[in-house]
Amino acid sequence: MSISIAIAGATGYAGGEIIRLVMQHPLYAQGEMHIGVLTGNSSAGLTGAEALPHIPALANQKIEKTDPDILAQHDVIFLALPHGHSARIAKAVGTGPVIIDCAADYRLRDAKAWDEFYGGEYAGSWPYGIPELPGHRAALKATRQVAVPGCFPTGATLAIYPALQAGLITPDITITSITGISGAGKKAAVSLLGAETMGSLKAYNTAGIHRHVPEIKQNLSAFVENEELRIGFTPVLAPLPRGILTVASAPLVNSELTTVEARKAYFQAYGAEACIQLLPEGIQPQTQHVLGSNLCQIQIEVDKNAGKLLMTSAIDNLTKGTAGAAVQCMNIVLGLPETSGLPLSGVAP
């Protein structure tokens, strides 16, 4: 019996990356997993050769209009759609197939936060897909509906949570994340044109208004008790196709903490995690080293002069930050080896 995969929003950056990873899955190679319908909006009616030229195996496949009735005929549905569209389709599909939503529609547990940062009807929340967080694998194994995290929250959460869990830092955290342009999606926008982005860096959605702020707070609040969690988040757009470098800092609880001691807490949290690489001391995460992989590289350092812990991570926003996380969650839900189909080495140079 073959597992059938449907991908809504297949011609966007996230959708195309999901296709690439599914086609690398060992079950796909064995003929036990296949790609069924690929859907799009403006791309409907195009062939794979026109809309997905980097995937020659699908050159003759037509991109269909997104029809919930057709999606529902598949075992697994990936929703790689803009925010605000997934909930409507998921409700129409029903509870039969496994649904992996890559948008924000089901990420937030707080309806007020949804209203403030997104607006429109609040759809509720689904089990959240960062398997490396405590308790998340158990929740994913028990569900058929998954909310894939945002790319910024993935890099930030993985960099910071072990320090909060171990009580190494106070919950007053400053985060700067530098992102490639693909994080904004494939929509046409003047601000994303090559002439506007090449050779330039720009902070945007600053001072706490970025939509991923409540998601980062939601993730990290699980590791804070009896204190207010304060997050300062600044995203920076860089002239890169893909990748996110996150640098976070927070005051030390114990001013005598050493880097060696801090690293022990991170090894305890991530020692068995295939998709996390805690780098040796002195080596910094770089986006080029995780390109195309489902790996998150992390470095931890105590800044004695500032009395702070410096936490740095690098991910590919389209792989570990979106599509790779989606496939990783699918594997868990289906009871498959978690890293099946997921590259754990980057592309170099």
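1. A helix crossing is right-handed if the near helix is turned clockwise from the far one by less than a right angle, and left-handed if anticlockwise. In this predicted model, H8 passes H11 in a right-handed crossing.

2. The geometry of that pair is as follows. H8 covers residues 151-165 and H11 covers residues 259-270. Their axes lie 9 Å apart, and the packing angle is about 115°. Angles of 65 to 115 degrees count as roughly perpendicular, and H8 and H11 are therefore roughly perpendicular to each other.

3. Which residues make the contact? H8 supplies Thr157, Leu158, Ala159, Ile160, Tyr161, Pro162 and Ala163. H11 supplies Ala265, Tyr266, Ala269 and Tyr270. By class, ten residues of the H8 contact with H11 are nonpolar and one is polar. None is charged.

4. Now the sheet. Strands of a sheet pair through backbone hydrogen bonds, either parallel or antiparallel. Here six strands form an open sheet with parallel pairing. Their order is S3-S2-S1-S4-S5-S6. S3 (64-65) and S6 (145-147) are the edge strands, and each pairs on one side only.

5. S6 pairs with S5 (residues 98-101) in the parallel sense, over three bridges. Which residue of S6 is the bridge partner of aspartate 101? The partner is alanine 147.

6. H5 (residues 86-93) lies across S4 (76-79) and S5. H5 runs at about 165° to S4.

Definitions and conventions
Residues numbered from 1 in each chain as written. Predicted model: local features only at pLDDT ≥ 70, side-chain atom pairs only at ≥ 80, totals over all residues. Heavy atoms only, no water. Axes fitted to C-alpha atoms, helices over the stretch in contact; angles between N-to-C directions. Helix = DSSP H or I, 4+ residues; strand = E, 2+ residues; numbered from the N terminus. Parallel < 35°, antiparallel > 145°, perpendicular 65-115°, else oblique. Contact = heavy atoms within 4.5 Å. Nonpolar A, V, L, I, M, F, W, Y, C, P; charged D, E, K, R; others polar. Pairing = 2+ DSSP bridges.
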